[in-house]
Amino acid sequence: MAVVPETLFNRDGAIYMGARRQPAGCTVGLFGVPYDGTTSFRPGTRFGPAAIRQVSDGLETYDPQLDADLEDIAFCDLGAVEIAFGAPEPVVEATRQAADAVMDLGLKPLMLGGEHSISSGAVGAVAARHPDLVLLQLDAHADLRDQWLGGRHSHACAMRRCLEVLPSQELLQVAIRSGTREEFSELQREQRLVSLEQLPERLAAIAGRPLYLTVDLDWFDPAVMSGTGTPEPGGFCWRDFANLVALLEGQNLVAADVVELAPGLDSSGCSAVLAAKVVRSLLLRLAGC
Ligand SMILES: [Mn+2]
């Protein structure tokens with residue numbers, strides 16, 4: 001029977017609503033990376049995974065939009081990746097190993113952040129097994145800087161680092177609304193910037209290809225997601241996300257992450273609930289619902 005490598009994961013603590021602790025029979029493997037070491041503005045995403053798990057109990061297991069129920073799928077919560085707090089490079093490597101271990105267990109990875117810099121670790125592991133992988137990014141920010149504040153693994157460089165481990169070079173950046181002039185020039189030149197209106201057509205063009213969805217929660221409007229380190233006005237609401245999830249029906253979603261929740265920045269707790277509901281949608285979609 002497949003065994004969870006205890007050297008990679010800290011298995012203590014709460015788990016997501018309805019999750020199993022062991023991978024046998026499961027299709028999706030949830031894990032957290034509680035890291036915010038490069039955060040430049042307002043820290044606190046290290047507490048994101050725990051907050052998502054804590055509030056998940058307050059949600060229904062049934063998703064009326066998808067007409068699917070967490071009780072009808074089997075997924076495992078593997079706990080938190082063991083990381084050395086400090087420089088990002090060892091964290092990205094630990095994240096890569098963790099995502100690899102999740103796939104070794106026969107599970108599709110669903111990672112909870114933590115800051116966005118961790119995504120390149122997971123994307124690298126998934127792309128190594130799916131060279132044709134397409135990356136779909138929800139984010140307020142382009143994240144295409146090569147360096148930021150002296151670091152190549154800053155969360156402001158998240159997509160630049162992902163592109164380095166993405167053989168297909170196919171990155172769809174959905175309705176990005178913040179970045180430098182150079183970043184926006186690149187978005188246009190590479191035809192990576194995809195509006196919500198264009199998304200159905202762009203997704204149809206990659207139908208069947210393995211797809212990794214990275215959700216930086218600051219894609220949502222600060223009015224509904226104030227608990228994030230770099231809020232950017234002009235964002236989206238639950239209905240926009242639900243429409244996007246509907247478009248993923250029939251797509252070959254092989255992995256996903258949900259990053260940048262800083263629960264301490266939202267005293268109402270609503271941001272964590274929104275994040276937990278995003279996770280519920282992705283669990284169901286990854287499980288084939
Ligand atoms: Mn962002």
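W219 counts as buried, because its relative accessibility is 0%; buried means under 20% relative accessible area, taken with a 1.4 Å probe on protein chains only. Please note that this is a predicted model, in which local features need pLDDT of at least 70, side-chain atom pairs count only at pLDDT 80 or more, and totals for chains, interfaces and linings use all residues. Residues are numbered from 1 along each chain as its sequence is written, and side-chain values use heavy atoms, with hydrogens and water left out.

What is the partner of W219 in a stacked aromatic pair? The partner is F236, at 4.5 Å centre to centre and with 20 degrees between the planes. Rings of Phe, Tyr and Trp (its six-membered ring) pair if their centres lie within 6.5 Å; planes under 30 degrees apart count as stacked, over 60 as edge-to-face and the rest as tilted. W219 and F236 are 17 residues apart, in the loop between β10 and α7. Helices (H or I, at least four residues) and strands (E, at least two) are DSSP runs, numbered from the N terminus. F236 is buried too, with a relative accessible area of 15%. Ring pairs join W219, F220, F236, W238 and F241 into a cluster.

The structure holds six aromatic pairs. In another of them, the ring centres of Y16 and F75 are 6.2 Å apart and the planes stand at 65 degrees, so this pair is edge-to-face.

I turn to the metal site. Which residues coordinate the manganese ion? They are D139, H141, D216 and D218, at 2.2 to 2.7 Å. Donors are N, O and S atoms within 2.8 Å of the metal (3.2 Å for Na, K and Ca); water is not among the atoms, so sites may look incomplete. Along the chain, the donors follow the spacing D-x1-H-x74-D-x1-D. D139 lies in the loop between β7 and α4, and D218 in the loop between β10 and α7, so the pair ties together parts that are 79 residues apart in sequence. Both D139 and D218 are buried.

Next comes helix α7. Its buried residues are F241, A242, L244 and V245. Seen down the axis of α7, they fall within an arc of 160 degrees, so they line one face of the helix; the arc is that of the directions from the helix axis to the C-beta atoms. These buried residues of α7 pack against β7, β8, α6, β10 and α8, where contact means heavy atoms within 4.5 Å.

Notes
Buried means under 20% relative accessible area, exposed over 50%, partly exposed in between (1.4 Å probe, protein chains only).
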